[in-house]
Amino acid sequence: MKKLLSLFLAVVMIFALAACGAEKAPQPGEAPEVSDEAAPAEAPAETQEETPAEAPADTEKAEVKVAVLKGPTALGALHMMDQAEKGELSENYQFTLAGAPDEILGSIIKGEFDIAAVPTNVASVLYNKTEGAVQLLALNTLGVLYCVENGDTVNSVADLKGKTVYCVGQGATPEYALKYLLTKNGLDPEKDVTIEFKAEAAEAAALLAEGEGIAVLPQPFVTAAMAKNENLRIAFDFNEEWAKLGENSAITMGCVVVQKKFAEENPAVVENFLKAYEESVNFTKSEETLPQAAELAVNYGIIPAAPIAQKAIPQCSIVFIAGDEMKSIAGEFLSILFDANPASVGGKLPEADFYYNAK
């Protein structure tokens, strides 16, 4: 009996051990429990989600060096300069403000500025001096020149005979536009009129406001000078005198140029610039944002006071003209200057590749 009981207990023990072993053994559908810990299928998904945010190409901003002149050619860039300082633009723009074209021409020729605002005829000169390394991006200012007098002796271009005239922009549009009008009105610019060139419009405006005299000034310096001296008056508007000659082109004062190599290597950056610049021009021109633009003009030292800026900016012929329209307007104006004096455009008219993104 004892032997049978022992045998029975032994059999029970064997079945109990077998049952325990069966609970610990992996079953045919339980393999995924091991893969859950390693999560090999999810790791690649996590890596793919993080890659775009970590890629430098998606986060880095291009460094763009831009030069503008303290005058009408800079007014269209006011909002853009402000945005750049606040880091609100798609690229990192480093703006340099210069008082006169000759302060930045050497740097443009050397390629030290990627983009620059210059007089339109100077853009052609740069193109010829660099053998096509500089292109015209957009026009930003049309005619803003006036003959201003402290007195009442000049009412036409012909009345300048025997007079001394202060003029800004030697080697730029103001000089050549003045000489062209003098010639067309029967005067010899070298003999009949004494032209004294001043480096900056502010200097000529100050001399005019202090005593009797005559000056060729662009806006906004005309408005600023007249605000300081009630005896100043506009003798004549260059646009009106130009129109009397029956020319097909308007006076094209200012433009924006780009290094051709920079444009070829960074087409997206250039397009971003053009978009931001056009928005900035619209900001300056809009009646709604004019008060803000006026404050910026004062902050950047372009116009001395906000009330003057609000009055002057609408008279500055600020525009944004690109592409084929730019080519047509600038081409006609440069042709007129070339016929009058080839040196005014650098000795020869620029080729078709001078005009960025134009057919």
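Residues are numbered from 1 along each chain as its sequence is written, and side-chain values use heavy atoms, with hydrogens and water left out. Because the model is predicted, local features need pLDDT of at least 70 and side-chain atom pairs count only at pLDDT 80 or more, while totals for chains, interfaces and linings use all residues.

The protein chain holds 17 helices and eleven strands, these being DSSP runs numbered from the N terminus (helices H or I, at least four residues; strands E, at least two). Of its 359 residues, 47% count as buried, where buried means under 20% relative accessible area, exposed over 50% and partly exposed in between (1.4 Å probe, protein chains only). Among contacts (heavy atoms within 4.5 Å) with a separation of 6 or more, 78% join residues 24 or more positions apart.

Helix α8 (residues 120-129) is mostly covered, with nine of its ten residues buried, including Val-122, Val-125, Leu-126 and Tyr-127. The cover over these buried residues includes β3 (115-119), β4 (134-142), α9 (173-184) and α17 (323-340). Just after α8, Glu-131 takes a positive phi of about 55 degrees.

A search of the whole structure finds eight salt bridges, each being a side-chain nitrogen of Lys or Arg within 4 Å of a carboxyl oxygen of Asp or Glu. The table lists some of them.

| Salt bridge | N to O distance |
|---|---|
| Arg-233 and Asp-152 | 3.6 Å |
| Glu-196 and Lys-198 | 4.0 Å |
| Asp-353 and Lys-260 | 3.3 Å |

Arg-233 forms its salt bridge with Asp-152; Arg-233 lies in strand β9 (residues 232-237) and Asp-152 in the loop between β5 and β6, so the pair ties together parts that are 81 residues apart in sequence. Asp-152 is exposed, with a relative accessible area of 58%, and a network of salt bridges links Glu-149, Asp-152 and Arg-233. In the pair of Glu-196 and Lys-198, Glu-196 counts as partly exposed at 33% relative accessibility, whereas Lys-198 is buried at 18%.

A negative surface patch is formed by Asp-102, Glu-103, Glu-200 and Glu-203; such patches are made of residues with over 30% relative accessible area and no salt bridge, like charges being joined within 9 Å. Asp-102 lies in the loop between β2 (92-98) and α7 and counts as exposed because its relative accessibility is 62%.

How values were computed
Patch = residues over 30% accessible without salt bridge, like charges linked within 9 Å, V, L, I, M, F, W, Y side chains within 5 Å. Areas by Shrake-Rupley, 256 points an atom, 1.4 Å probe, with all protein chains shown as cover. Lys, Arg positive; Asp, Glu negative; His and termini not counted. Charge placed at Lys NZ, Arg CZ, Asp CG, Glu CD.
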